[in-house]
Structure formats: structure tokens, C-alpha cells
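Dear colleague,

Here is the structure I promised to pass on. My notes on it follow below.

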Amino acid sequence: MLLEPRKRPHQQRSAATVDAILEAAARILERKGLDALTTNAVAELAGVSIGSLYQYFPGKAAILAELIRRERLILLAGIDRIAHAPGDSLKDDVCSLIRIAVAHQLLRPALARALEYGEATLPLGPETAKLTNELVRYMATLLERHGVSKVMEAAHDLVALAKGMIDAAGIAGESDQRVLVDRVCRAALGYLEYPVSIRHGIA
């Protein structure tokens, strides 16, 4: 299974072609789901020839993988902005990161759901692990800034907690960002308020 593009665009025109292909794929996933994603359907909606599509992508798996990568970069860019503009409190910082993640998930919820299912069909394990490590790194930096103990353990737990809740909400079709942000923030802050000894089951 070929997951990498055949080539990367270096000129504005070729970049526009690749963007059109990826956006067409995103719209098909939103409207019709994963089964409707074919190279012919993508080329037709993007307004490019099938030959032009194959210049950049060897097949639909590569298009899907590149679309997943694009969405991940958008998420990391949003989180990076928050990480470089810290708030006044631990609550502000944690909830800001959660707000970015929720907004990303629910901005195009049908696309997010389709990509969740699509990701499971692709061997993207190393890339997914790299993304998780990046998210943990951001969270650890934030927690360390506020003097949280056992920083890496807490960062791993909070990323897993937030991802689990946000992904589950997306799959369930939730659309109210404010409500979801509130729930995830309460769960994350509740975790941080518990003493480490209680989290470890120590009397």
C-alpha cells in the first residue's frame, strides 16, 4: 500500500492542484463517506484529469493518508500558537489546548469521523505515535510551567483522556463545542486536582 505522494508540489499552480484534490477528497468523505472515495470521483470533483491526479498520488490510500496528515498539521499549528501564548493559570492553559482540539474536531465533524475510520485502514502507526508524542510534549511543557508534579505521566494521561472524550463525541455526532469543551475541561482539571497518591490508589 503506497501512502506517500509521488511528488510534492513546488510551484503555485501544482500546489493549487494538490489542494483541489485534497479538498475534493474531504468533501466526498463528508457527503458520502469512506466507501465513496475513489480516484475517479476525486478527480471529477476537483476538476482535474485522472492523469493529473496520478502525477501526485498513486491511489486513494495516498490521498487519504495525505488528508489525515494535513488535518494533523492544522491541529498542531493551533496548539503551537497556544503553547507560545501562555495564560495566567493552569486552568486557562489546559482549557485553551482542549478548546483548540475540540474546535478542530467539530469544525468539520463529518470529515473528522470519516478520517477516524479511514485511519484505521492505513498503516500509519509510526506517524500516529509521532503525533501523540508531539501532543504530550506540548502538554508537558504547559504543566511544567505551572509546577505540576510527575509532568510526563500527567501529560500522557491528559492527552489520552482528552483524545478519548473528543474522539468519542465526534463519532457520536456531537456538535456543541461549548458543551464538549466544558466536559473535557472538567475531567482534565478534576484529574489534576487529585493528589498523586489517590490517583495511584495509595491510602
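Valine 42 touches Ile21, Ala24, Ala25, Ile28, Leu37, Leu53 and Ile63, leaving aside residues up to four places away in sequence; contact here means heavy atoms within 4.5 Å. This is a predicted model, in which local features need pLDDT of at least 70 and side-chain atom pairs count only at pLDDT 80 or more, while totals for chains, interfaces and linings use all residues. Residues are numbered from 1 along each chain as its sequence is written, and side-chain values use heavy atoms, with hydrogens and water left out.

Valine 42 lies in helix 2 (residues 39–46); helices are DSSP runs of H or I with at least four residues, numbered from the N terminus. Its relative accessibility is 0%, so valine 42 counts as buried (under 20% relative accessible area, 1.4 Å probe, protein chains only). Tyrosine 54 is twelve residues from valine 42 in sequence and 11 Å from it in space, C-alpha to C-alpha.

On the helix packing: the axes of helix 4 (residues 60–83) and helix 6 (residues 109–119) come within 10 Å and cross at roughly 125 degrees. Axes are lines fitted to C-alpha atoms over the stretch in contact, with angles from 0 to 180 degrees between N-to-C directions. Leu64, Leu67, Ile68, Glu71 and Arg72 in helix 4 meet Leu111, Leu115, Gly118 and Glu119 in helix 6.

On the cysteines: the count of disulfides is zero, a disulfide being a pair of cysteine sulfur atoms within 2.5 Å. Cysteine 95 is buried at 6% relative accessibility, and cysteine 185 is buried at 7% relative accessible area.

Regards

Key:
Helices (H or I, at least four residues) and strands (E, at least two) are DSSP runs, numbered from the N terminus. Buried means under 20% relative accessible area, exposed over 50%, partly exposed in between (1.4 Å probe, protein chains only).
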